[in-house]
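The following note sets out points for a colleague who is examining this model. Please read the numbered paragraphs beside the sequence and the coordinates.

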Amino acid sequence: MKALNLIRERARQAPKRIVLCEGDDERVLKAATLAVKRGYAEILMVGDIPAIQRTAEDAGVDLTSMTLIDPRSSPCTQRLVERLVALRAHKGMSESEAARAVLDPLVFANLMVSEGLADGSVAGATHTTADVVRCALQLIGKAPGVSLVSSFFLMMLCKPFHEFSGGMIFSDCGLVVEPSDMELADIALAAAGSAEVLLDEPARVAMLSFSTGGSACHAAVDKVVRAARRVKAERPELAIDEDVQLDAAIVAEVSARKVPESRVKGRANVLIFPDLEAGNIGYKLAERLGGAEAIGPLLQGLARPANDLSRGCSIEDIVNVITVTTVQAQHQSADNHD
């Protein structure tokens, strides 16, 4: 898995402080231990410390590799209460309400990221995607200049039978249900950035459709074309196909016949789906029938990294998301110092 190995190596070069808040799940504790052992991250585990210790004892997990933080007794709690009041004052939140809210480990963890006490967060093994995303949006917020937070999957195609070998970005497969043309453009721009950060190569974007180069006339096709042209106006140097069918996006011979003027040339590493229905089906087909490894859903467009997990995630899934979160945090740190 060349692309994933590169991500792992980059994480080891500068591990970041990643905060987790589901220490009552043995998968999370085992993944946290592995992430530290492999050098991918420093782990901060937020929650009820006695409950975490009981789970660790039952699972045979040594907690000495991570820092345990209990919101009820942490010296940071009052600081985070003040942060929460400042963030939610426009909603009329009082200090007493904030003091109760920060006792929720998910809230506490995201406030740590917001306040710079952690570099990124990972949750979702026991929380719903809706809860994870809502908390990240409210407490970490959007990155400057970003109007939409969306999601992507890092798809690893590294089996011997994969003609394309490496990593791809699939977006949006987990968050924005029916994006407008402006939202689809935002998703494409964010996904191109995600590819450049995580794949360590230029983004080559395919705006997927049932049409290639205007071969079909429909409002759905028009939306994809308008979105692609917005992306081109924003980033004219980016290789991007407008409305393109999947085969023309990823097969050079088909691309040469259908879109001979393409700069992507059938070598797309970023697939932008027209809506969540297509994206969800697409990544699961690639995973279940195509044998790809799906890492995510990962979030893009936040001021600081915060990523979601599937509640059916494995230990290795969690380790992978922690590792990606470290690399996202490295990139953001570098941007902040430019």
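1. Gln-330 is buried, with a relative accessible area of 16%; buried means under 20% relative accessible area, exposed over 50%, and partly exposed in between (1.4 Å probe, protein chains only). Gln-330 belongs to helix H13 (residues 315–336). Helices (H or I, at least four residues) and strands (E, at least two) are DSSP runs, numbered from the N terminus. The model is predicted: local features need pLDDT of at least 70, side-chain atom pairs count only at pLDDT 80 or more, and totals for chains, interfaces and linings use all residues. Residues are numbered from 1 along each chain as its sequence is written, and side-chain values use heavy atoms, with hydrogens and water left out.

2. Which backbone oxygens does the side chain of Gln-330 reach? A polar atom of that side chain lies 2.8 Å from the backbone oxygen of Arg-10, and the side chain reaches the backbone oxygen of Ala-14 at 2.9 Å. Both are polar contacts, that is, pairs of N or O atoms within 3.5 Å; within protein, one must be able to donate a hydrogen and the other to accept it, and residues adjacent in sequence count only if both atoms are side-chain atoms. Leaving aside residues up to four places away in sequence, Gln-330 touches Arg-10, Ala-11, Ala-14, Pro-15 and Lys-16, where contact means heavy atoms within 4.5 Å.

3. Arg-10 is also among the residues touched by Leu-198, together with Ile-7, Phe-152, Val-324 and Val-327, again not counting residues up to four places away in sequence. Leu-198 lies in helix H8 (residues 181–198) and is buried, with a relative accessible area of 2%.

4. Six strands form an open sheet of mixed pairing, in the order E8-E7-E9-E6-E5-E10; two strands pair if DSSP finds at least two bridges between them. Strand E8 (239–244) and E10 are the edge strands, each pairing on one side only. From one strand to the next, the twist averages 20°. Axes are lines fitted to C-alpha atoms, for helices over the stretch in contact, and angles run from 0 to 180 degrees between N-to-C directions.

5. Two helices pack on this sheet. H8 touches E5, E6, strand E7 (204–208), strand E9 (270–272) and E10, and its direction makes about 165° with that of E9. Helix H12 (residues 276–288) touches E5, E6 and E10, and its direction makes about 20° with that of E5.

6. Strand E5 (residues 150–157) pairs with E10 in the antiparallel sense over six bridges, and Met-155 has Ala-294 in E10 as its bridge partner. E5 also runs antiparallel to strand E6 (residues 166–171), to which six bridges join it; here Leu-157 stands opposite Gly-166.

7. Why is strand E10 (residues 293–300) described as largely enclosed by the rest of the structure? Seven of its eight residues are buried, so the description applies. Pro-297 is found in E10, and a cis peptide bond with omega of about 10° joins Gly-296 to Pro-297.

8. Helix H6 (residues 105–114) and helix H7 (residues 129–139) pack at an angle of about 40°, with their axes 9 Å apart. H6 and H7 are therefore oblique to each other; angles under 35 degrees count as roughly parallel, over 145 as roughly antiparallel, 65 to 115 as roughly perpendicular and the rest as oblique. Leu-106, Val-107, Asn-110, Leu-111 and Ser-114 in H6 meet Asp-131, Val-132, Cys-135, Ala-136 and Leu-139 in H7.

9. Nine of the 10 residues of H6 are buried, so this helix is largely enclosed by the rest of the structure. At the start of H6, a side-chain oxygen of Asp-104 comes within 2.9 Å of the backbone nitrogen of Leu-106. Just after H6, Gly-116 takes a positive phi of about 80°.

10. Asp-200, in the loop between H8 and E7, has phi near 60° and is exposed at 56% relative accessibility. Lys-265, in the loop between helix H11 (252–258) and E9, also has phi near 60° and counts as partly exposed at 49%.
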